[in-house]
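Trainee: I'm new to this structure, and I'd like to learn how to read it. Could you walk me through it, feature by feature?

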Amino acid sequence: MTTTPVVPAVPRGLAGVVVTDTALGDVRGREGFYHYRQYSAIELAQTRGFEDVWYLMFHGELPDRAAAADFAARTASLRTLPADVAEALPAIARASAVSGPLAGLRTALSLLGASAGFRPVYDIDAGRRREDALAVCSAVPTILTALHRLGQGLEPVAPRADLPHAANYLYMLTGSEPGPDQARAVEQYLVSTVDHGFNASTFTARVVASTGADLAACLVAAVGALSGPLHGGAPSRALDTLDAIGTPDRIDGWIREQVLSGRRIMGFGHPVYRTEDPRSRMLKSIARSFGGPLVDFAVEVEAQVEAILAELKPGRELHTNVEFYAGVVMELCGLPRAMFTPTFCAARVIGWSANILEQAEDSKIIRPAARYVGAPPPQPVPAP
């Protein structure tokens, strides 16, 4: 007699299921706190530069001044794309004209990995893996900004090694050197989104890394997961919400209609946080430092939405998430909405890569099980 093995029950979407150990960071949703290594991610965003946090994620410690300067120079030297990748970008931009730079990035990453001769992480040592990761993370902003500009009929802007990471990103995107306030605001956003626990794209990257695949393959898979609107696609949608409301007198009616009809309000709620998203709190403060009608309207919408949600959905903690004020800050800094999610990706590639490097140290492949719920087998195969 054949017995069916008992498969333990797990929550839908693996919510809360611990799948491995990590030294990279964690999200403590009930406290409204998350960290990179042993440091508060928000404190890092408020006090350190992007390259310092990148170094922390790859090396496990914050750099001293000499190490920071060396690391910044090293990563800046890797911003220029290999010739065969750069030459292919116009064709990639044309092919992804409707889908946008994030779709084009998948193709460009595959080409970059092939051009650089990336080998499976299973077959190389930790030092070589880190070099591959540095090369990709340095190149991603160059690829994304070039694809955007080509899609707009503009020539790509070559990277500048004399600019810090965030300032160079804005320079390549717009063709103009940004002001210090805009550069710092975007840098703080980038730092705050480097990593965030075992989200869908990070877990995807680790699953592929567990097979021993090369680093580019792992990152292509992560970008694919990020492209979904339930994961990385919400910053511009949160601004679309503000556009749809239009004026303060429409807030109450518009929000009530959305909630009562069961539609989701983009920019509110988070699968982990049960209190205010600390990233949203920081970005709201940055937005207020700029001021202006958009910021005033966003703050008013936030207040009314939370009051209406508390009334219509009592007992549930629903607050703004990172996307709500991220969209406001990026709009104020001159980023086009089509580049909001790609900008998120330009930061998260650091966290993905750190997770890939960590996963590569474990030779066990990630291979979960599923519970079969179809027709009972075996059944006779019908005659043709």
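**Reading the fold, piece by piece**

Mentor: Contact here means heavy atoms within 4.5 Å. Before we go on, this is a predicted model, where local features need pLDDT of at least 70 and side-chain atom pairs count only at pLDDT 80 or more, while totals for chains, interfaces and linings use all residues. Residues are numbered from 1 along each chain as its sequence is written, and side-chain values use heavy atoms, with hydrogens and water left out.

Trainee: Is Val305 buried or exposed?

Mentor: Buried means under 20% relative accessible area, exposed over 50%, and partly exposed in between, using a 1.4 Å probe and protein chains only. Val305 is buried, with a relative accessible area of 0%, and it lies in helix α14. Gln304, also found in helix α14 (residues 293–312), is partly exposed at 23%.

Trainee: What does Gln304 touch?

Mentor: Not counting residues up to four places away in sequence, Gln304 touches Pro248, Ile251 and Asp252. Sequence distance and spatial distance are separate things: Gln304 and Ile251 are 53 residues apart in sequence and 7.2 Å apart in space, C-alpha to C-alpha. Val305 and Gln182 are 123 residues apart in sequence and 28 Å apart in space, again C-alpha to C-alpha.

Trainee: How many helices and strands does the protein chain have?

Mentor: Helices (H or I, at least four residues) and strands (E, at least two) are DSSP runs, numbered from the N terminus. The protein chain has 16 helices and three strands. Its radius of gyration is 22 Å, close to the 21 Å that the globule rule gives for 384 residues, so the chain is as compact as a globular protein of that length. That radius is taken over C-alpha atoms, and the globule rule is 2.2 Å times the number of residues to the power 0.38.

Trainee: And how do I read the inside?

Mentor: In soluble globular proteins, nonpolar side chains tend to be buried together. A nonpolar core is a set of buried Ala, Val, Leu, Ile, Met, Phe, Trp, Tyr and Cys residues joined through side-chain atoms within 4.5 Å. Here, of the 102 residues in the largest nonpolar core, Tyr36 and Phe58 touch the most other members. Helix α16 gives the most to this core, with 11 residues. Apart from that core lies another, of six residues, among them Leu163 and Met172. Overall, buried residues make up 49% of the 384 residues in the protein chain.

Trainee: Which residues of helix α9 are buried?

Mentor: In α9 (residues 200–210), they are Ser201, Thr202, Ala205, Arg206, Ala209 and Ser210. These buried residues pack against α10 (215–226) and α16. Just after α9, Gly212 takes a positive phi of about 90°.

Trainee: What should I look for in the backbone angles?

Mentor: Most residues other than glycine have a negative phi, and most peptide bonds are trans. Arg37 has a positive phi of about 55° although it is not a glycine. Arg37 lies in the loop between β2 (33–36) and β3 (39–40), and Arg37 is buried, at 17% relative accessible area. Phe58 touches several residues, including Arg37 and Ile350.

Trainee: Where is there a cis peptide bond?

Mentor: A cis bond joins Pro377 and Pro378, with omega about -10°. Pro378 is found in the segment after α16 (340–359).
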